[in-house]
Amino acid sequence: MMKVNGTYTELTVKQSLQDYLVSQNYDISRIAVELNGEIVPKATYSQVMLGNGDTLEIVRFVGGG
Amino acid sequence: MIIALNGKRTNVKFRTAFEVRRELGNKTDIVILNGFQIDTDCELSENDTLAVIPKGCMPDRDELESMMMARHTPNVHNKLKEGRVAIAGLGGLGSNIAVMLARIGVGHLFLVDFDMVEPSNLNRQSYYISHLGMEKTAALKVQLKEINPFITVETRTVRVTEDNVCELFGDYSIICEAFDKPEAKSMLVNTVLERLPGSKIVAASGMAGYESSNIIKTVRRMKGFYLCGDFENGAGIGQGLMAPRVQICAGHQANMILRLLLGIEDI
């Protein structure tokens, strides 16, 4: 199990953060991601592998200001 | 008894605030005791801060500062005067946030925007017809000087990119994200969190349209990352940005910045 934005989620396949975000329809250019309390640099999304017990915070930005 | 009277340490022989007014001013003067305007007389205590302000006349510069400070909560004012805040983007959020921070007396503001004031800004941003065609940095600086001449305002007219974030904002422990485009918001928040771990960023997402005011809130999403907005209602075709919700969101950001300046990290 993985915790994503406070909700427990089954991680069905072993995948990278990049693949997970794409599978969840996140636009990579409009988000910020924290994994286990640390910000994840965008350049490393495809190298970071997700595992059970991970806690993800994903913030999606919408336009306007 | 020693009190601070209109900004000057003064030895007074009066017992109450209104006795001071009766002696030094006239009946229509406003009386502010320790940051609060009083309508009924109050006894004075040692070290009170008292301002007696005549209505409708222009005081000299020293007096003006003490009169403006009179409405600030005494201990809060000194902390804010030492405060330094950077604002990235001077649109509907940033221009209004800058005005609020100037009004509460934040001592140093650093304002960054690459753009000029144009007519479509006037529906929600703190600019006037007379500012059309001016750089936003310059137009805002003029206003802030009229609101509070006792703070320093530094500006840079430049587009913020991944490559200049550290150079621009590296010296600031509180950075306000006030961009319009979601990609720019994401870029600044990511870059600050990655490369400026000592800084806190107060960002915004979701304030378009005329949905309920009450769904706009402040949350702390990550370490050093505060986010204000309803997180859903983006600006787009058919849903414009309107002054009320943009200013509500700007108010959330400004109040979170105020709290951080006072050492309060809770939302």
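Colleague: Before we start, what makes a helix crossing left-handed or right-handed?
Modeller: A crossing is right-handed if the near helix is turned clockwise from the far one by less than a right angle, and left-handed if the turn is anticlockwise. Please keep in mind that this is a predicted model.

Colleague: Which hand has the crossing of helix 4 and helix 8 of chain B?
Modeller: Helix 4 of chain B and helix 8 of chain B make a right-handed crossing.

Colleague: At roughly what angle do the axes cross, and within what distance do they come?
Modeller: The axis of helix 4 (residues 92–103) of chain B comes within 9 Å of the axis of helix 8 (residues 243–261) of chain B, and the two cross at roughly 50°. These two helices of chain B are therefore oblique to each other.

Colleague: Which residues meet there?
Modeller: From helix 4 of chain B, G92(B), L93(B), N96(B), I97(B), M100(B) and L101(B) take part. On the side of helix 8 of chain B, their partners are V246(B), Q247(B), C249(B), A250(B), G251(B), Q253(B), A254(B) and I257(B). By class, this contact has nine nonpolar, five polar and no charged residues.

Colleague: Changing topic: how much space lies in the largest pocket?
Modeller: The largest pocket holds about 550 Å³ of space. Its lining consists of 25 residues, and those nearest the centre are F114(B), R159(B), F179(B), D180(B) and K181(B).

Colleague: Which helix gives the most to that lining?
Modeller: Helix 7 (residues 182–195) of chain B does, with three residues. The lining of the largest pocket divides into 10 nonpolar, six polar and nine charged residues.

Colleague: And what lines the second largest pocket?
Modeller: The second largest pocket, with about 320 Å³ of space, is lined by 20 residues. A4(B), G7(B), T49(B), S66(B) and M69(B) lie nearest its centre. Strand 5 (49–53), helix 2 (61–69) and helix 3 (74–81) of chain B each give two or more residues to this lining. By class, the lining has six nonpolar, 11 polar and three charged residues.

Colleague: How many cavities of 30 Å³ or more does a search of the whole structure find?
Modeller: The search finds one. About 90 Å³ of space lies in this largest cavity.

Colleague: Which residues line the largest cavity?
Modeller: They are E65(B), M68(B), M69(B), H72(B), H77(B), K81(B), G105(B), N148(B), F150(B) and I151(B). Helix 2 and helix 3 of chain B each give two or more residues to this lining, and helix 2 of chain B gives the most, with three. The lining divides into four nonpolar, four polar and two charged residues.

Conventions:
Residues numbered from 1 in each chain as written. Chains lettered and ligands numbered in written order. Predicted model: local features only at pLDDT ≥ 70, side-chain atom pairs only at ≥ 80, totals over all residues. Heavy atoms only, no water. Axes fitted to C-alpha atoms, helices over the stretch in contact; angles between N-to-C directions. Helix = DSSP H or I, 4+ residues; strand = E, 2+ residues; numbered from the N terminus. Parallel < 35°, antiparallel > 145°, perpendicular 65-115°, else oblique. Contact = heavy atoms within 4.5 Å. Nonpolar A, V, L, I, M, F, W, Y, C, P; charged D, E, K, R; others polar. 1 Å grid on protein atoms, 1.4 Å probe; cavity = no way out; pocket = protein on both sides within 12 Å on 5 of 7 lines; lining within 4 Å. Points joined across faces, edges and corners; volume = space filled by probe spheres on them.
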